[in-house]
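Take a look at the protein shown below. This report walks through some parts of its fold.

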Amino acid sequence: MMATKSVLLLLLCLNVVLFLVNAAPSTCPADNLGSKCDESDDWKGEFFPGIPKIKYEGPTTNNPLAFKWYNPEEKILGKKMKDWMRFSVAFWHTFRGTGGDPFGAPTKFWPWEDGTNSLAMAKRRMRANFEFIEKLGVDLWCFHDRDIAPEGKTLEESNKNLDEVVALAKELQGTKIHPLWGTAQLFVHPRFMHGAATSSELGVYAYSAAQVKKAMEVTHYLGGENYVFWGGREGYQTLLNTDMGRELDHLARFLEAAATYKKKIGFNGTLLIEPKPQEPTKHQYDWDAATTANFLRKYGLIDEFKLNIECNHATLSGHSCHHELETARLNGLLGNIDANTGDPQVGWDTDQFLTDVAESTMVMLSVIRNGGLAPGGFNFDAKLRRESTDVEDLFIAHITGMDALARGLRNAAKLIEDGSLAELVRKRYQSFDTEVGAKIEAGKADFEYLEKKAMEWGEPKVPSAKQELAEMIFQSAM
Ligand code: XUL
Ligand code: CO
């Protein structure tokens, strides 16, 4: 009996030792702050060994680590593909995404991660970020302050952590790479449970202002082209205990102060608001593009802000991505796109890479009509599925997302060059290309005049809108 127990104990110990050997990080323990371990060169080499710089090989290649449709230097409608797209990597999904969901534990354990949220780990992750960006061949990245550097015990300490990581990022960026946008993460910490700028608590409003001030400063320092506001926990859960009018006023004052501060520090980047209807809260104030445009107009902020349209947020609000892009564009507000998509069955913000070519073609039609997105671009606010756990999956996901949009661009250009869709639309409205139509469009046709015309013309003949023909033309460009 005793002997069996000892053997079992021995086996158990052996197992523990084996586990420790197997699981031992090939890096320093990251909570070993301040030791010379922090300066370890372990990960100053390659994070993605065996992954080459991704190149364009064309649609016939079966190399998963090559672009099939995205050929950065190729010109489409007179502009290089890379200038149409302005792709950027989202730090949070790519380097902080764990695969965890409300029901399940994390599934992703990247080899460079040691399971901590230390400053040393943040710096190592930043090195991985830039190797990833360079191998993918893009020039832009996006971040939230708290996903690149750990929150400290005080705001001062958090700012200090951020400064350290940002200094390294600046060094690693070199001369070409810079942020498409930066933002402050104002939703994870419990202090933001009532919101940030919409919080009922004055201290939280001030804290949020301080955090945004710092995030704007570092975005500017890194050469960022835009700064994003997304209302993580804004909005009322219930009107019973909520002063909606007061929350909206506070939000407007907050954004006004941000616009003032932007000018004060000489940051020329665009301020972007990212509409989202709900999740995590029940009803967010920036529900969709139209709601946000109305809010901006009401508070006199319409010239200070543009919109960052996210496709999955569009579908959550009951619109297609194209609808949201067109609403933003027609209001002169289309500034940037968070390129992702939702699942047609799952009503969540699943943040999937957009791979549906029909959807990407519609997206690119809007982008072309907008004359491009610069100084905005496409940010991959998209994550690997929980069950994709290889490091190379990070590359495959971005490549397929970039290819889908590149293919969308090629298709949209084909549709525009072919002209038959535009001709179909022109014909549909041609009754307005007349003297009376011109009067209406110039705002010179009053009701008496129109009544006279209606009586003169009698019952109007209403022609076909040719919807299926439009769909046929669209399909032939795919
Ligand atoms: C959340 C979301 C954010 C913003 C930036 O739904 O899209 O990641 O893009 O805070
Ligand atoms: Co987003």
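## A pair of strands

Tyr227 stands opposite Leu271, a residue of strand S9. Strand S8 covers residues 226–229, and strand S9 covers residues 270–273. The two strands run parallel. Four bridges join them. This is a predicted model.

## The barrel

S8 and S9 belong to a closed barrel of eight strands. The order is S5-S6-S7-S8-S9-S10-S11-S12, and the pairing is parallel. On average, neighbouring strands of this sheet are turned by 30° against each other, with direction ignored.

Helix H4, residues 119–136, packs on the sheet. Helix H4 touches strand S5 (87–90) and strand S6 (140–144). The direction of H4 makes about 150° with that of S6.

## Two packed helices

Now turn to another pair. Helix H14 spans residues 420–428, and helix H17 spans residues 467–476. They pack at an angle of about 165°, with their axes 9 Å apart. Angles over 145 degrees count as roughly antiparallel, so H14 and H17 are roughly antiparallel to each other. Their crossing is left-handed.

Which residues make the contact? H14 supplies Ser420, Leu421 and Leu424. H17 supplies Leu469, Ala470 and Ile473. By class, five of the residues in this contact are nonpolar, one is polar and none is charged.

## Confidence

How high is the average pLDDT of the protein chain? The average is 92, and 91% of the residues score at least 70. Over residues 1–37, however, the pLDDT is below 50. Beyond near neighbours in sequence, this stretch has 30 contacts in the model.

Key:
Residues are numbered from 1 along each chain as its sequence is written. Chains are lettered from A and ligands numbered from 1 in the order in which they are written. This is a predicted model: local features need pLDDT of at least 70, side-chain atom pairs count only at pLDDT 80 or more; totals for chains, interfaces and linings use all residues. Side-chain values use heavy atoms; hydrogens and water are left out. pLDDT is the predictor's confidence in each residue, from 0 to 100. Contact means heavy atoms within 4.5 Å. Axes are lines fitted to C-alpha atoms, for helices over the stretch in contact, and angles run from 0 to 180 degrees between N-to-C directions. Angles under 35 degrees count as roughly parallel, over 145 as roughly antiparallel, 65 to 115 as roughly perpendicular and the rest as oblique. A crossing is left-handed if the near helix is turned anticlockwise from the far one by less than a right angle, and right-handed if clockwise. Ala, Val, Leu, Ile, Met, Phe, Trp, Tyr, Cys and Pro count as nonpolar, Asp, Glu, Lys and Arg as charged, and the others, Gly among them, as polar. Two strands pair if DSSP finds at least two bridges between them.
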